[in-house]
Amino acid sequence: VITKNYTTKMSFGVCIGNDSVSIAVYQDEPVIVVNQAGHRVTAAAVSFSEGEVVVGDTAKGIFVKRGPRQVLHTIPYIFAHTEDVSKVRAKRLGVELSLDESENIAALMAFSDNGDESSQKVTFEEVFTHIFRFCKREVESYLGTSVTGCVVVLDDALCDNASSVATVAKAADAVGLEVERIMRPCTASLLAALPSLDPGTENDKLVSQKILVVDMGALHTTTTAVCCEQGMVSIVSRESVDFGGRDCDAALYKHFAEEFRRKAKIDLADDKRAQRKLLHACEEAKKTMTTRGEGLIQIEALSQGIDFSSKIARGRYESLISKFMPTAVSSASKCLQASKFSKPDVIVFIGGASNTVTFRNQIHSTFGSEIPVIAKTPEEIVVMGAAIQSHVCS
């Protein structure tokens, strides 16, 4: 049960995911903190270049343009697992990684476009320290005052690892932030989705509900069955499968790379910079197609000075990723079966990739179109819950 702590310190909520970081504060209601680039979500990227550390969208932009020749680019969750799993995740995120678990040190291997190799050792704690420093600066700029506390939402894998949780808290402390609570994505999302779970409300008759939280992130899709009763949130079952937004990006990339090969007679297999540019454009096109009927690709001088412009209808895009859907939906079905729920009372989608129309449609057809879906933005609902919790802790 969440209890209110009456203090005067300023706090905020932050969600650190595989692919992005989002920040929110509570001002009568959760408010997303827009970063200095004007974006509501920031890339979960840290670049190390010639002694300079850059965090967020700028770091990702540098990586796309210049690659690992001068920039070491990492995303924090590649550190959260065993060496074998970390290497697989790093490869899917475009990073070469070797890991020394005995020292909790990751050596990020940077390969230049001409094949020369260099490396730099970066600790798990150091990466998160840079991210917390960035978040603190953004919040203080937005509020015009200092902040001393935060509620952090982490991937389930990190929450299950006591050592990683302690390291994250230590990283926050290094920049003057006290971690007031570490939450799982599903729990945080419920605070924003269901007002009856917010201890700050005047609702003394809390409802009992069986909820299915479907989280499609960058690298995996996790479904959690939750029972909410008498103000208590109980996780009944959880299933996860290695499919996420990055797989959708890869399907788009393969489609457009082949189109460019046909049109320009150029194979991108050996052009690392072109690969990064096209993959980044595919990410943006995918996001566009969550609200529009088509995605547009426009890249100046993609390879050998040749521009590339194309578009794809949302229906065609969904056909490209349709082969992945049965696996993700089957995982959600297994979660429901394990929970012993006959059916959920409500479905909550979280994670930006869950905006994929064909995925939502298949979830609805599997569990019933009559089951209500929480009408919150999937990529923001988690951090909104963290902001509510930060308000409770303040």
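This is a predicted model: local features need pLDDT of at least 70, side-chain atom pairs count only at pLDDT 80 or more; totals for chains, interfaces and linings use all residues.
Residues are numbered from 1 along each chain as its sequence is written, and side-chain values rest on heavy atoms, with hydrogens and water left out.

The protein chain contains 12 helices and 18 strands, these being DSSP runs numbered from the N terminus (H or I and at least four residues for helices, E and at least two for strands). Of its 394 residues, 53% are buried, where buried denotes under 20% relative accessible area, exposed over 50% and partly exposed the range in between, computed with a 1.4 Å probe on protein chains only. Among contacts (heavy atoms within 4.5 Å) with a separation of 6 or more, 64% are between residues 24 or more positions apart.

Two packed helices are described by the angle between their axes and the distance between the axes. Here the axes are lines fitted to C-alpha atoms, for helices over the stretch in contact, with angles running from 0 to 180 degrees between N-to-C directions. The axes of helix α3 (residues 124-143) and helix α5 (residues 162-173) come within 8 Å of each other and cross at roughly 45 degrees, and the two helices are therefore oblique to each other (angles under 35 degrees count as roughly parallel, over 145 as roughly antiparallel, 65 to 115 as roughly perpendicular and the rest as oblique). Their crossing is right-handed, a term applied when the near helix is turned clockwise from the far one by less than a right angle. On the α3 side the contact is formed by Phe 124, Glu 125, Phe 128, Thr 129 and Phe 132, and on the α5 side by Ser 164, Thr 167, Val 168, Lys 170, Ala 171 and Ala 172. These residues comprise 6 nonpolar, 3 polar and 2 charged, with Ala, Val, Leu, Ile, Met, Phe, Trp, Tyr, Cys and Pro taken as nonpolar, Asp, Glu, Lys and Arg as charged, and the others, including Gly, as polar.

For α10 and α11, the axes come within 10 Å and cross at roughly 40 degrees, and this pair is therefore also oblique, with a right-handed crossing. Met 325, Pro 326, Ala 328, Val 329, Ala 332, Ser 333 and Leu 336 of α10 meet Thr 358, Phe 359, Gln 362, Ile 363, Thr 366 and Phe 367 of α11, a contact with 9 nonpolar, 4 polar and no charged residues.

In helix α9 (residues 314-321), the buried residues are Tyr 317, Glu 318, Leu 320 and Ile 321. Viewed down the axis, they fall within an arc of 155 degrees and so line one face of the helix, the arc being that of the directions from the helix axis to the C-beta atoms. The elements covering these residues include α7 (245-264), α8 (272-288), β17 (306-313), α10 (325-339) and α11 (357-367). In the loop between α9 and α10 lies Phe 324, which is partly exposed at a relative accessible area of 22%. Beyond residues up to four places away in sequence, Phe 324 touches Phe 243, Asp 247 and Ala 251.

Phe 12, by contrast, is placed in strand β1 (residues 11-16) and is buried at 0% relative accessibility. Not counting residues up to four places away in sequence, its contacts include Ile 23, Val 25, Cys 135, Val 139, Val 147, Leu 177 and Ser 390.
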